[in-house]
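Please look over the sequence and the model shown here, and keep both at hand while reading the paragraphs that follow.

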Amino acid sequence: MADPAVSSGGSLNSSTRGSGGKAATSPAENYHLARRRTLQVVVSALLTECGFESAEKAAVETLTEMMQSYITEIGRSAKAYCEHTARSVPTLSDTVVTLIEMGFNAETLPVYAKRSQRMVITAPPVTNPPVTPKALSAGQKRTHPSYIPSHFPEFPDPHTYIKTPTFREPVSDYQVVREKAASQRRDVERALTRFMAKTGETQSLFKDDVTAFPLIAARPCSIPYLSALLPSELELQTLEETDSSEQDDQTDSENTAGNIITDDPGADKENSMLPPSGVVPSTKASEDNVIDNPYLRPVKKPKVRRKK
C-alpha cells in the first residue's frame, strides 16, 4: 500500500466489476456478492479516512477478506457464549466478552464511533424481490393446533393430500347416448368412404379438377341378377354348421361302436399273429387311430335347396 496505483473509488469499481462479472444464479450467491460489495465499500472508506488516495486491487481484496474473517469470528464466538448459557439469541454482553477474548479494548468503541472525520456510507439501493407465482390453492390451509409449537413447520398445501377425482361419470342419458352413437357411426362411414376413394378407382364430378369431390367408381357387372340367385353368406354358414354337426354325430357313433369289447374267439388268434415286439406297424396303427379334425375333412359344397 506504500505505492498505490489505483484510487480507492476506482479500486471499488474495478473489484465490483470483477466480482460481479459472473451473473449469480441463486439467492445465496446474490447475498454473498452483495455482502462482499458492502465490505469493499467499507474498506475503501476506511482507507480514505486514514489518508490514502489510492490502493491496489489486491490490497483492497486482502483487507476485505481480513475484515470478513474478523466479523465472522466475532459472530461465531458470540453464538458459542450464547449457547453456553442456554440461550438462542446473542446479547450485547456476549459480544463484549468476545471482543475482550480476542484482545480488543471495548472501551474505545464509543470514542471511535464519535470521530470527526468519519465518512457516512449511503445505504445500498433496495431491489424489489422477484414475484413468485402463486401456488395451486385447493381448500383452506390448516393452522397449528394448540399442542404444536409455533416454530414447527407449517402444514403442506391442501392440494397435496386432498383427493381429487380425475375422471368423469359415464353419461347414461338415452338421448345423449344415441346421439353419440349416431355421430360415431357417421364419422366411421365418412372415414371409410374417404379411404376407399383414395385407395380405389374414383370418378369426379368436375372434369377440370379431378381431385375435387371424388366419388367411388361403380363396378359394372355383366350379370346383375346373379347376386340375387346365389345364397347369402349367412345361409352358407348355417348349412356348413348343419353338415359339420351331422358328421360329428356320425363319427362319434362309429368310434363308440369300435370301442365295444367283444368276446371273440378269433381275438387270441389275432394276438398270436402279432410281431415279437408286440407293436402294430405304423401304417395299421395310423389307420385305426384316425384323429377327428374338422380342419382335415374334405371340402363339401353347400346343398342349395331349389324351390319346387
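Leaving aside residues up to four places away in sequence, Asp 94 touches Ala 78, Tyr 81, Cys 82 and Arg 87, where a contact means heavy atoms within 4.5 Å. Asp 94 is found in helix H4, residues 92-101; helices (H or I, at least four residues) and strands (E, at least two) are DSSP runs numbered from the N terminus. Asp 94 counts as buried because its relative accessibility is 6%, the classes being buried under 20% relative accessible area, exposed over 50% and partly exposed in between, with a 1.4 Å probe and protein chains only. This is a predicted model, in which local features need pLDDT of at least 70 and side-chain atom pairs count only at pLDDT 80 or more, while totals for chains, interfaces and linings use all residues. Residues are numbered from 1 along each chain as its sequence is written, and side-chain values use heavy atoms, with hydrogens and water left out.

One of the contacts of Asp 94 is also a charged pair: the side chains of Arg 87 and Asp 94 meet in a salt bridge at 3.1 Å, N to O, a salt bridge being a side-chain nitrogen of Lys or Arg within 4 Å of a carboxyl oxygen of Asp or Glu. Arg 87, at 31% relative accessibility, counts as partly exposed. Ala 86, in the loop between H3 and H4, has a positive phi of about 65° although it is not a glycine. Most residues other than glycine have a negative phi. At 73% relative accessibility, Ala 86 counts as exposed.

The structure holds 9 salt bridges. Among them, Arg 115 and Glu 49 meet through their side chains at 3.1 Å, N to O; Arg 115 lies in the loop between H5 and H6 and Glu 49 in helix H2, so this pair ties together parts that are 66 residues apart in sequence. Arg 115 is buried, with a relative accessible area of 19%. Another pair, Arg 76 and Glu 73, meets at 2.6 Å, N to O, and because these two are 3 residues apart in helix H3, they are separated by about one helical turn. Arg 36, Glu 61 and Glu 65 are linked in a network of salt bridges.

Where does helix H2 supply the largest share of a lining? The largest pocket draws 6 of its lining residues from H2, and H2 (27-49), H3 and helix H5 (109-113) each supply at least two. The volume of the largest pocket is about 580 Å³. Of its 19 lining residues, the closest to the centre are Val 42, Leu 46, Met 67, Tyr 70 and Tyr 112. On a 1 Å grid over the protein atoms alone, a pocket is an open set of points where a 1.4 Å probe fits, with protein on both sides within 12 Å along at least five of seven lines, and lining residues have an atom within 4 Å of a point; grid points are joined across faces, edges and corners, and a volume is the space filled by probe spheres set on the points.

Tyr 70 lies in helix H3, residues 57-84, and at 35% relative accessibility it counts as partly exposed.

For the protein as a whole, the secondary structure comes to 10 helices and 2 strands, and 10% of the 308 residues count as buried.
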